[in-house]
Amino acid sequence: MKRNDSIKIAGIAGYLLFLILSFACGFNPGKEIGHNFLSFSIDMLKLLPCAFILIGLFEVWVKRETVERHFGEESGIRGYIWALLLGGTTVGGLYVSFPVAYSLYGKGAKLGIILTYIGASGICRVPMAIFETSFMGIKFTIIRLMVSIPLVILTSIALGDYLVKRNYKPVKGK
Amino acid sequence: MYYLYIATGFALLLSFIVNREKTFKAIKIAVRRFVTILPAFLGMLILVSIVLFLIPDKIILNYLGKNNIFIGVLFASLFGSITLMPGFIAFPLCGILLKKGALYIVLSAFSTTLMMVGVLTYPIEKEYFGVRLTILRNIMSLFIAFVVALMTGIFFREIF
């Protein structure tokens, strides 16, 4: 683990040095990479604080039993519907849904439902789908959703069951 | 975007009125988790900045606009998997491609892999859910994207 960390730190330091030198010498590819880095960082910093505050509030206020009832082993088909709805209203996409999914999992949600939620936060975010129809047409969006949603649920159930059988444990302490 | 700030602010205020201590605890949890995952986010941002430089929009337009279905779908899923862009950039790009004569099947492969397969989000996903789940989920998502693309192609009568 220690060795891994030092490689990471060296990588980040090297990257920063590269950017600084690029800007100092006017090296265009480096400058472009720097601009990409900044614009994406800003996009994320707009979203992440809100996401993590909501996660914090969720951890403090929502009881384990509530999550187990709606997203747990006994929730049945309703759990998957909740996962779709929650995924459909998540802002930002995968990188926001991972910490949310992790919180839900920590409070007793079923793995297959968690995977469904992650998938749904990718494919069926409502604002994005509406935006999509204006460029691609409603037929395109409907086909995409009608095909992908059932597949996401089925593969999530299969993958969840497979991993649970193999004693899956997520990374602890995040 | 703004409704997220309003919702968060409202939730925080409500929580504060009902129970101060719990609210502070929530903020503490939020800060701790944010800081713990920050290195992984930094890793992702570094990857994104480099990949977007190597594969700019121009190249995507170039490869996806070609009319060979097989090559189009292949490159579309490759680009979709290894890049990361928000919907408000991706769909206008798809719209341009469509006007230039790109096939729906290709754009379907591109947008679905873009939304579901995350090579660049690997550092984050792995931190939360481990390497095995991350790899399996991404492979499954790639498979789903191929099926979605295939069905799109069939419904738009581009294949068969």
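Trainee: At what angle do H2(B) and helix H7 of chain B pack, and how far apart are their axes?

Mentor: Two packed helices are described by the angle between their axes and the distance between the axes. Here H2(B) and H7(B) (residues 122-155) pack at about 155°, with axes 7 Å apart. That makes H2(B) roughly antiparallel to H7(B) (angles over 145 degrees; under 35 is roughly parallel, 65 to 115 roughly perpendicular, the rest oblique). This is a predicted model: local features need pLDDT of at least 70, side-chain atom pairs pLDDT 80 or more, while totals for chains, interfaces and linings use all residues. Residues are numbered from 1 along each chain, chains are lettered from A, and side-chain values use heavy atoms, without hydrogens and water.

Trainee: Which residues of H2(B) and H7(B) make the contact?

Mentor: Contact means heavy atoms within 4.5 Å. H2(B) brings B:Ile37, B:Ala40, B:Phe41, B:Met44 and B:Leu47. H7(B) brings B:Pro123, B:Ile124, B:Glu127 and B:Tyr128. Eight are nonpolar, none polar and one charged.

Trainee: At what angle do the axes of H1(B) and H2(B) cross?

Mentor: Roughly 140°, and the axes come within 6 Å. That makes H1(B) oblique to H2(B). H1(B) uses B:Leu12, B:Ser15, B:Phe16 and B:Val18. H2(B) uses B:Arg20, B:Thr23, B:Phe24 and B:Ile27.

Trainee: Which residues form the nonpolar patch on the surface?

Mentor: Patch residues have over 30% relative accessible area and no salt bridge, with nonpolar side chains joined within 5 Å and like charges within 9 Å. A salt bridge puts a Lys or Arg side-chain nitrogen within 4 Å of an Asp or Glu carboxyl oxygen. Accessible area uses a 1.4 Å probe. The patch holds A:Trp61, B:Phe10, B:Leu13, B:Leu14, B:Ile17 and B:Val18, together about 640 Å². H1(B) gives the most, five residues.

Methods
Axes are lines fitted to C-alpha atoms, for helices over the stretch in contact, and angles run from 0 to 180 degrees between N-to-C directions. Helices (H or I, at least four residues) and strands (E, at least two) are DSSP runs, numbered from the N terminus. Ala, Val, Leu, Ile, Met, Phe, Trp, Tyr, Cys and Pro count as nonpolar, Asp, Glu, Lys and Arg as charged, and the others, Gly among them, as polar.
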